[in-house]
Amino acid sequence: MYFDFDYWWRVVRHVWGLKDWPGRPRMLLRLLLWIPLCCLFNSLCFLLDYVLFLRLRSLPVEKPIFVIGHARSGTTLMHRLLSGDSERFSYFLYWEMFFPSLIQKKTIRALGALDRRFLDSAIFKRLKAWDDKTFGPYRHMHHMSLWNAEEDCFAMSAAFVSQQWALDVPMMDKIDFFHLDRMPEKRRRWMHHYRELVKRQLLLNGGDRIHLSKNPMMSGWVESLLDVFPDARFIVMMRDPAECMPSCLKLVQGTWKGKGWSEAAYEPSLQVLTEIAFEHFTHPREILAKHPDTPHIVVDYRELTRDPATAVRDIYTRFDMPVSADYAAWLAAQGEKARKHQSQFEYSLGEFRLSRDVMQARLADFYAQYQWPTANTEEQSHA
């Protein structure tokens, strides 16, 4: 199993230098003891996968679908709506991402079946209580659960390829998980490992479904994904940057504040994240323009929330996929819930020294195409 020793060593050196951080001893113990032990165990399980599941070697990954776009632009909503078509799609549940090997996942599923049959789901009930306690207070921002479909990149955490490290310790200026298309060596190795993870998940779910992925960070991986999955299809979510940019920045800033980091400690990372925010819009468009034969569709967040069922049906039409009667009924019910949903997560542009003028100047083509509110339209509306 692949492990990114380069990034692991960068993180170790950075944490080692944080002499005044109270969490330093615990983090170093995690990095120097727990992570290597987990890597060894996962690698052994990965090797056993090839012995126990011979089909894994030849299993194809055909026409996967990737939901990309800026965070808070509707990527999660779109992913959850599509994942309702469980007869067609295979995807990672959050708990499955902690166990990269197929034998690990199958063992846990078997234990779950025993729990249901002989213990009246006692273990599941305890896990559900922990899940509600841990994720419940934050579900107004992002509905997270061990049993929800989640971002693919969490599955790469065991290989030390995860933006989570930059959320635990603000160091986005030290390690870069976004610009994979610009990193040839990492690009080759990360994508090989990612493909192996996808194959395991496909086989876990029967081997005959379409892999469905959602990850805003993969907005910087489009060309890398096409290298490994040349028949890939993309759904690009599009939302007014004045809404999704500060929303994402506040969410990440809140994570750092919650872990006790000062503004001075996370400011460099916040600047990097702000710059990357613009590339979530520009990079997918640039790469897909170079690959005009790649099937893709851009979905306006306003259209998705106004009429989710129609937005999803447009995707199925674009990718030449029929909509089953059962999924159509489920979609109609979920669409009504999506329309009624109102986020209670509050933020403002001024908190992050962003302005509509700057965003409009840097994303002029997008503003012209999608007719997002500008500084002028805001002034007229106030007047």
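Entry one, on strand 1. I looked at both faces of strand 1 and found them covered, with Ile 65, Val 67 and Gly 69 buried on one side and Phe 66 and Ile 68 buried on the other. Buried here means under 20% relative accessible area, as against over 50% for exposed and partly exposed in between, with a 1.4 Å probe and protein chains only. I took strands as DSSP runs of E with at least two residues and helices as runs of H or I with at least four, numbered from the N terminus.

I noted that the model is predicted, so that local features need pLDDT of at least 70 and side-chain atom pairs count only at pLDDT 80 or more, while totals for chains, interfaces and linings use all residues. Residues are numbered from 1 along each chain as its sequence is written, and side-chain values use heavy atoms, leaving out hydrogens and water.

Entry two, on the sheet. Which strands pair with strand 1? I found strand 3 (residues 210-214), parallel over 3 bridges, and strand 4 (residues 233-238), parallel over 5 bridges; two strands pair if DSSP finds at least two bridges between them. Phe 66 stands opposite Ser 213 in strand 3, whereas in strand 4 the partner of Val 67 is Ile 235 and that of Gly 69 is Met 237. I then traced the open sheet of 5 strands, whose order is 2-3-1-4-5 with parallel pairing. Its edge strands, each pairing on one side only, are strand 2 (89-90) and strand 5 (296-300).

Helix 3 (residues 75-83) packs on this sheet and touches strand 1, strand 2, strand 3, strand 4 and strand 5, where contact means heavy atoms within 4.5 Å. The direction of helix 3 makes about 160° with that of strand 3. Helix 12 (residues 308-318) lies across strand 2, strand 4 and strand 5, at about 170° to strand 5.

I looked up helix 9 (residues 241-258) and helix 10 (residues 263-290), whose axes come within 11 Å and cross at roughly 150°. Axes are lines fitted to C-alpha atoms, for helices over the stretch in contact, and angles run from 0 to 180 degrees between N-to-C directions. Helix 9 and helix 10 are therefore roughly antiparallel, a term for angles over 145 degrees. Among the residues that meet, I listed Leu 249 and Trp 256 in helix 9, and Leu 273 and Phe 281 in helix 10.

Methods. Parallel < 35°, antiparallel > 145°, perpendicular 65-115°, else oblique.
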